[in-house]
Amino acid sequence: MRLERGGLEPGSPGQFFMLSAPGRLLPRPMSLCLAPPGELAFLIDPIGPGTRAIAAAAPGESIDVLGPLGNGFRLDVERPLLVGGGIGIAPLPYLAERLGGAPVVVGFRSEWHAEAASLLPGAEVVVEPTLVTEAMPSGRDVLACGPASMLAAIRSAAPSAQLAWEAPMACGYGACYGCVVEIDGRLRRLCVEGPVLGPETRARQASPLHEDQAPAGRAGA
Ligand code: FES
């Protein structure tokens, strides 16, 4: 989905926006996928009512957008390797652009889902049962996004990896505690302390949802 940006800044790769479809109370967190001039672009997997409503927005329709939010990836790495799984590849096109072209390994559960890799020209693509960790070269500064099981496996293989964790989010700015994860025995809000966490973290998700929202602007689809 490409939106006219209006006065919103694209932010850093790994940051996210809260998108609300017309008539829907609960927004959905979406990593910025690309930042074309004057636009914000998102990769959306329409798997539920909220994401289906966002994906169904018609050209010219307006939706509420809040962001950029959270902490993105550190870009001061010497030998970056971008790794993504499934819809977790969403922030990688913008990240690859900002890093000026880094190697990319992405994994999907089916050939159909793997079509999303067209957003990452030159990426090495694996499909289950092959796992991204089997295709990752060693000795790299890994920046990754994907399901928790994949991130845990990546951290075992590359302990210094920067990992973008996924969590349900209701507000996106620290007010609802809907995105709380347990990190080294402490509960933290992933929306304000993540979603990108560094090697010092040990994250385990435990997140009930609450409804809250404070839209910052409207963008045209
Ligand atoms: Fe509301 Fe994080 S999403 S506190």
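User: Which residues of helix 4 (residues 148-157) are buried in this predicted model?
Analyst: The model is a predicted one. A residue counts as buried if 20 or more other C-beta atoms lie within 10 Å of its own. In helix 4, the residues that are buried are M150, L151 and I154.

User: How wide is the arc that the buried residues of helix 4 cover around the axis?
Analyst: The buried residues are M150, L151 and I154. They lie on the same side of helix 4, because the arc they cover around the axis is only 95°.

User: Which exposed residues does the face of helix 4 turned away from its buried side carry?
Analyst: The buried side of helix 4 packs against strand 6, helix 3 (132-135), strand 9 and strand 10. The face turned away from that side carries exposed residues, namely S149 and S156.

User: Why does M150 count as buried?
Analyst: M150 is found in helix 4. The cut-off for a buried residue is 20 or more other C-beta atoms within 10 Å. M150 counts as buried because its C-beta neighbours inside 10 Å number 21.

User: Which residues does M150 touch, not counting residues up to four places away in sequence?
Analyst: M150 and T133 are 17 residues apart in sequence, with 8.0 Å between their C-alpha atoms. When residues up to four places away in sequence are not counted, M150 touches G85 and V132.

User: What is the order of the strands in the open sheet of six strands?
Analyst: The pairing in this open sheet is mixed. Its edge strands, each of which pairs on one side only, are strand 8 (124-127) and strand 13 (196-197). The order of the six strands is 8-7-6-9-10-13.

User: How many bridges pair strand 6 and strand 9?
Analyst: Within this pair, G84 has C145 in strand 9 as its bridge partner. Strand 6 and strand 9 pair in the parallel sense, and the number of bridges is five.

User: In which sense do strand 9 and strand 10 (residues 162-164) pair, parallel or antiparallel?
Analyst: The bridge partner of L143 is Q162 in strand 10, and that of A144 is L163. Strand 9 and strand 10 pair over three bridges, and the sense is parallel.

User: At about what angle does helix 2 run to strand 6?
Analyst: The buried residues of helix 2 (residues 92-99) are L92, P93, Y94, L95 and A96. Their cover includes strand 6 (80-85), strand 7 (104-108) and strand 9 (141-145). Helix 2 lies across these three strands, and its angle to strand 6 is about 170°.

User: Which residue just after helix 2 takes a positive phi?
Analyst: Helix 2 spans residues 92-99. Just after helix 2, a positive phi of about 75° is taken by G100.

User: With which residues is L163 in contact, leaving aside its neighbours within four places in sequence?
Analyst: Leaving aside neighbours within four places in sequence, L163 is in contact with A144, L151, I154, R155, V196 and L197.

User: How many bridges join strand 2 (residues 16-20) to strand 5?
Analyst: Strand 5 (residues 62-69) is mostly covered, as six of its eight residues are buried. Strand 2 and strand 5 run antiparallel, and the number of bridges joining them is four.

User: How far apart in space are M30 and F17, C-alpha to C-alpha?
Analyst: M30, in strand 3 (residues 28-31), counts as buried because it has 23 C-beta neighbours inside 10 Å. Its contacts beyond four places in sequence are F16, F17, L19, F42 and I44. M30 and F17 are 13 residues apart in sequence, and their C-alpha distance is 5.3 Å.

Definitions and conventions. Residues numbered from 1 in each chain as written. Predicted model: local features only at pLDDT ≥ 70, side-chain atom pairs only at ≥ 80, totals over all residues. Buried ≥ 20, exposed ≤ 12 C-beta atoms within 10 Å, placed from the backbone. Helix = DSSP H or I, 4+ residues; strand = E, 2+ residues; numbered from the N terminus. Contact = placed C-beta atoms within 7 Å. Pairing = 2+ DSSP bridges. Axes fitted to C-alpha atoms, helices over the stretch in contact; angles between N-to-C directions. Arc of directions from axis to C-beta.
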